[in-house]
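This briefing sets out selected features of one protein chain, grouped by topic. Please read it alongside the sequence and the coordinates.

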Amino acid sequence: MLSPLIRSTRGRRNLAALVCGALAAGGLAAAAVGSALAPGTASASSHREAPLISGQPQYDTTDVYAFVSPDRPDTTTIIANWLPFEEPAGGPNFYRFANDARYDINIDSDGDARADLLYRWTFHDQVKNGDTFLFNTGPVTSLDDPDLNITQTYDLEMIRLRGHRVVSTTKIANDVPVAPSNVGKASMPDYAGLRKEAVRELKDGTTVFAGQADDPFFLDLRVFDLLYGGDLSEVGRDTLKGYNVNSIALQVPSEHIRQSVGQPVVGIWTTTHRKTAGGDWTQVSRLGMPLVNEVVIPLKDKDKFNASNPLNDADFLKSVTNPELPRLIEGIFTIEAPEEPRDDLVSVFLTGVKDLNQPPHVRPAEALRLNTAVPPTGEPKRLGVLDGDNAGFPNGRRLTDDVLDIALQVVEGELLGRKNDLGDAVDENDVEFEKTFPYVALPASGSDGPLAEAGGNRAQLDSAAELTSGSAMDDRTVLMASAGAGGAGAVLAVLGLVWWRTRRRGRWS
């Protein structure tokens with residue numbers, strides 16, 4: 001039953017959204033003939049890095065971050081991102097976590113390449129009104145706003161393991177709301193408020209968040225154009241600027257995840273499992289250290305790596321000790337590649353650095369290793385350990401760490417005494433990170449970009465606005481207003497007017 005208030009106030013507001021959406025839809029349909037609407041494609045730190053997962057973006061981990069929380073140094077923050085290259089205005093469906101997936105953060109507390117603790121997110125969709133194409137039917141002011149038509153919630157389990165066997169499973173969060181995609185300023189006038197609502201502190205001192213965020217990885221992706229154009233002319237543009245990702249963030253007391261005060265190093269990686277038609281779970285994505293699956297693992301092994309377990313990473317050892325990238329740099333820029341085998345890369349990517357983040361009796365495996373006993377730095381240096389800042393990459397990974405520059409310098413022998421300043425000339429994210437959990441920047445808004453100039457031709461939108469102000473326009477006027485937007489937009493506009501008039505006459509209750 002719809003209340004009179006909804007009929008009078010929200011009804012007019014929803015009609016505005018419907019008619020404007022119809023006009024926009026028709027315009028896009030007409031403009032689509034002979035032209036591409038989607039942004040360009042690219043590849044980066046697990047941004048569509050392997051053939052199979054590139055077609056399943058909801059399950060594709062883009063990056064993993066782990067660091068001692070700068071404002072709460074007794075806790076560790078872990079951030080994992082999925083669904084690369086989210087165009088902010090990518091409606092009408094926008095971006096959700098998959099509801100047939102298990103999103104896992106794995107933690108190895110003793111260096112044996114087996115997860116001892118696992119945090120698992122499972123997501124659930126809710127659609128209030130399936131008879132509309134709209135993601136939201138009016139301005140959204142809270143996560144439980146009736147105008148937020150499509151919502152997600154998640155359950156979070158903490159699973160303890162021993163030797164790959166489950167010892168215990170505890171549900172530590174239930175039915176927690178997800179921060180939605182940032183549709184735009186008209187739809188979500190206070191998105192920061194929605195983000196704040198999605199941050200939840202649990203009883204055991206753990207804080208959690210899931211939702212959309214600005215993609216925190218910054219780099220120039222033209223590295224794949226034969227290493228920046230073959231002459232370093234293609235550098236200095238943050239290719240991920242303006243794109244969003246779906247983020248999961250976890251802030252947990254460090255004592256909950258490390259083995260002991262005497263052994264504070266943890267190994268961290270994510271896995272994504274997808275349910276098959278037969279009801280089984282299959283691992284389709286895995287990520288710990290940045291850039292391994294992208295520029296270390298060769299094409300023939302990428303899908304195998306995504307389905308693999310760190311316990312079996314000896315299968316990929318040769319790709320680390322005999323990497324392709326330095327040979328490519330030598331061939332293109334005549335910079336001599338360091339001598340192989342590259343044991344220095346083994347310490348960075350597989351074991352951790354001795355006396356910093358290498359656990360005793362470590363088994364080589366690809367994982368992001370963090371020494372939780374190293375306090376955060378007041379003024380983080382973007383090159384991390386290479387610049388004397390031991391709180392940064394490769395000791396974990398902070399949002400501000402310039403991992404591409406670090407990786408380029410390391411593969412060219414920085415740890416072997418071959419000093420170099422290789423980099424892509426993108427030194428920081430285009431948007432400033434937050435000072436408190438979940439630290440990732442707010443997502444780019446769907447309304448970002450150039451706005452209509454004063455005096456421009458906005459007749460269609462002006463006509464739609466007149467409809468919502470109660471003007472007595474007949475059906476022919478509506479058809480004329482929408483005809484320029486294409487047939488689909490016209491039909492939807494007429495249906496919207498009929499619906500509005502019917503409700504005004506009180507035929508619906």
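**Sheet, cores and confidence**

Thr-207 stands opposite Gln-251 in strand E9. The model is predicted, and the chain averages a pLDDT of 84, with 79% of the residues scoring at least 70.

**The five-stranded sheet**

- The open sheet consists of five strands in the order E1-E2-E9-E8-E7, and the pairing is antiparallel.
- Strand E1 (61-68) and strand E7 (200-201) each have a single partner strand and stand at the edges, so one side of each is left without a neighbour in the sheet.
- Strand E8 (residues 207-214) and strand E9 (residues 244-253) pair in the antiparallel sense over eight bridges.
- E7 and E8 also pair in the antiparallel sense, over two bridges.
- One of these bridges joins Glu-201 to Thr-207 of E8, while Arg-200 has Val-208 of E8 as its bridge partner.
- Helix H2 (residues 191-198) lies across E7 and E8 and runs at about 150 degrees to E8.

**Helix H5 and its cover**

- In helix H5 (residues 299-306), the buried residues are Asp-301, Lys-302, Phe-305 and Asn-306.
- These residues are on the same side of H5, because they cover an arc of only 135 degrees around the axis.
- Strand E11 (281-287) and helix H4 (292-296) are included in what covers the buried residues of H5.

**The loop residue Ser-109**

- Ser-109 is placed in the loop between strand E3 (101-108) and strand E4 (117-127).
- The relative accessibility of Ser-109 is 12%, and this residue therefore counts as buried, the cut-off being under 20%.
- Leaving aside residues up to four places away in sequence, Ser-109 touches Asp-116, Ile-257, Arg-258, Gln-259, Gln-263, Val-265 and Val-266.

**Nonpolar cores**

- The largest nonpolar core has 95 residues, of which Tyr-103, Ile-107, Tyr-119, Trp-121, Phe-123, Tyr-154 and Leu-156 touch the most other members.
- Helix H9 (residues 403-411) contributes the largest share of this core, seven residues.
- A second, separate core of six residues includes Leu-118, Leu-161, Trp-269 and Ala-367.
- Among the residues that Leu-156 touches, not counting those up to four places away in sequence, are Tyr-119, Trp-121, Ile-172, Leu-202 and Val-208.
- Val-208, one of these contacts of Leu-156, is the bridge partner of Arg-200.

**Confidence at particular stretches**

- The chain average is a pLDDT of 84, but residues 1-45 have a pLDDT below 50 and, beyond near neighbours in sequence, 78 contacts in the model.
- Residues 497-509 also have a pLDDT below 50, and this stretch has 25 contacts in the model beyond near neighbours in sequence.
- Where pLDDT is low, the predicted coordinates should not be read in detail.

Notes
Residues numbered from 1 in each chain as written. Predicted model: local features only at pLDDT ≥ 70, side-chain atom pairs only at ≥ 80, totals over all residues. Heavy atoms only, no water. Pairing = 2+ DSSP bridges. Helix = DSSP H or I, 4+ residues; strand = E, 2+ residues; numbered from the N terminus. Contact = heavy atoms within 4.5 Å. Axes fitted to C-alpha atoms, helices over the stretch in contact; angles between N-to-C directions. Buried < 20%, exposed > 50% of the residue type's maximum accessible area, 1.4 Å probe, protein only. Arc of directions from axis to C-beta. Core = buried A, V, L, I, M, F, W, Y, C linked by side-chain atoms within 4.5 Å. pLDDT = per-residue confidence, 0-100.
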